[in-house]
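Work through the exercises below with the sequence and the structure in view. Each task is followed by a solution in steps.

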Amino acid sequence: MEFSDYAVEPGRIVQWRMAEKTRAAAEAAPDHDAPPSYNQEIHLRVRLDHRAGNAAPHWIVTTTDIPGAVDVDVLQGVLERFVRRHGTLLSGFRMTDGEIRRFVLDPAVVALERVDGVDCATTDEVRAQLKTTFASLDDPLAWPAYGFGVVIRETASTVFMVSDHTNIDGQSSAVVASDIQQLYAAAVAGREADLPTPANFVDFCATERERVAANPAQVEAAVRYWRDFADACGGVPPTLPLDLGVAPGEALPHEAEQIDLVDETTAAEFARWCRANGGSFFSGLLACVAATARDLGGREDFLGVVPLSTRGDAGWTESVGWFANVVPIRFDAHATATFREVMVGAHESLRVAFRHADVPFPRVMRELRDVFQPSRLKIIETLNYQDFTRSDRFEALERWKAHLLPGASVGDQVHLFVNRTHHGVYVHARYPDTETARESVHHFLDLTSKAIADIARLPTM
């Protein structure tokens, strides 16, 4: 769901901004040696175009509910401690001699100041008030490119953080909710929160560049892999064979919708069959998607792009930052092949693709400007899969009513975010807001759901 669909209950809105002394410290902070990450750099350059009206804002909202009416003084201290914990929130960017340069604040100078509260009687009033705030945080080259607030009610208070994508990804949103909840609970109990010290995303950005520079052969291999993929799809990013009711070159506002795919019993049986036959839930899901696309008139070799996390080892698990890359996959989905053959092909394609996961896509793009233009990074059609049944945090996040809410987007393609939880599998689908697109996406997912259910009923081989 997007923020525009989020039905936050009305109440009194209290917000915070950085104190004047903190903003002054940011202005005076010297340039820092750590560069932006590859993702941050391309995002910032696209956003510089936004100043000329050529790109949409890209913010992400995290919300979480705290029981009862919060103590705003306690919460302010919690939010200040939260900012000090995460290096990316102490960091910002400026243009220096035409280059994007980072600066980093001393955690000791972080101080928030409260903005006068506003009473809202309806959900629409809350949304309107918050959208005004979000619009004021629209420039990632203005620090801070994030903000905090709370909607206070007697029964529960909804705390929110809004941030430009430069600071945050999906897993970071879970860290935001978890940190705020644990810091607040500890503060009202008069104790220190039992939280590990998170690794600093600014360090990740520095080591990412160093690692890539030290491995030219790895970069060359990734470029060859991407070029082969680009040649296979004729230089045009692959799409599902769906009629979206969009004219060539037209970009429409996206509709965002959550659609149930299968229940957890079916998901568990499907995963069991896939593992027993040389695959995984994800490779089986890809096989179902590929077969559905083929049957709807698509290619018999499936081409797609999948996002993945670059957090790697557990050292980055508790960090806020943008840890993401994308890799291309290609496998045979010929009608004469068995489902097992298609799934095993998908599994192998993922294995090969992941070999190139350490080379950021923006770095690859430097060598493939004749194939993929940098601006297309934001609109390449992706299929994302996350298994929350493996997350130790999932039950707590449900209890805390934590939500990740992306801002509105525009485009001419479909993005499918498939999430598996203990309750089943659902898809967060984003597609152009046309009736044709809605019908096409629903039909496609209905067929994919049936394919999953058919496999789940098969005996283990």
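The model is predicted.

**Exercise 1.** Decide whether Asp97 is buried or exposed, and describe its backbone.

Solution. Step 1: a residue counts as exposed when its relative accessible area is over 50%. Step 2: the relative accessibility of Asp97 is 78%, so Asp97 is exposed. Step 3: Asp97 sits in the loop between strand E4 (91-96) and strand E5 (99-104). Step 4: its phi is positive, about 55°, although Asp97 is not a glycine. Most residues other than glycine have a negative phi.

**Exercise 2.** Find where Lys401 lies and state its phi.

Solution. Step 1: Lys401 belongs to the loop between helix H12 (394-399) and strand E13 (403-406). Step 2: phi of Lys401 is near 50°, a positive value in a residue other than glycine.

**Exercise 3.** Which kind of peptide bond joins Trp143 and Pro144?

Solution. Step 1: omega is about 0° for this bond. Step 2: the bond between Trp143 and Pro144 is therefore cis. Step 3: Pro144 is placed in the loop between helix H4 (123-136) and strand E7. Most peptide bonds are trans.

**Exercise 4.** Describe the surroundings of Val118.

Solution. Step 1: Val118 lies in strand E6. Step 2: its relative accessible area is 30%, so Val118 is partly exposed. Step 3: leaving aside neighbours within four places in sequence, Val118 is in contact with Gly11, Arg12, Ile13 and Gln129. Step 4: Leu105 is 13 residues from Val118 in sequence, and their C-alpha atoms are 31 Å apart.

**Exercise 5.** Why can the chain be called as compact as a globular protein of its length?

Solution. Step 1: the chain contains 13 helices and 16 strands. Step 2: its radius of gyration is 23 Å, close to the 23 Å that the globule rule gives for 461 residues, so the chain is as compact as a globular protein of that length. Step 3: of the 461 residues, 53% count as buried.

Technical notes:
Residues are numbered from 1 along each chain as its sequence is written. This is a predicted model: local features need pLDDT of at least 70, side-chain atom pairs count only at pLDDT 80 or more; totals for chains, interfaces and linings use all residues. Side-chain values use heavy atoms; hydrogens and water are left out. Helices (H or I, at least four residues) and strands (E, at least two) are DSSP runs, numbered from the N terminus. The radius of gyration is taken over C-alpha atoms; the globule rule is 2.2 Å times the number of residues to the power 0.38. Buried means under 20% relative accessible area, exposed over 50%, partly exposed in between (1.4 Å probe, protein chains only). Contact means heavy atoms within 4.5 Å.
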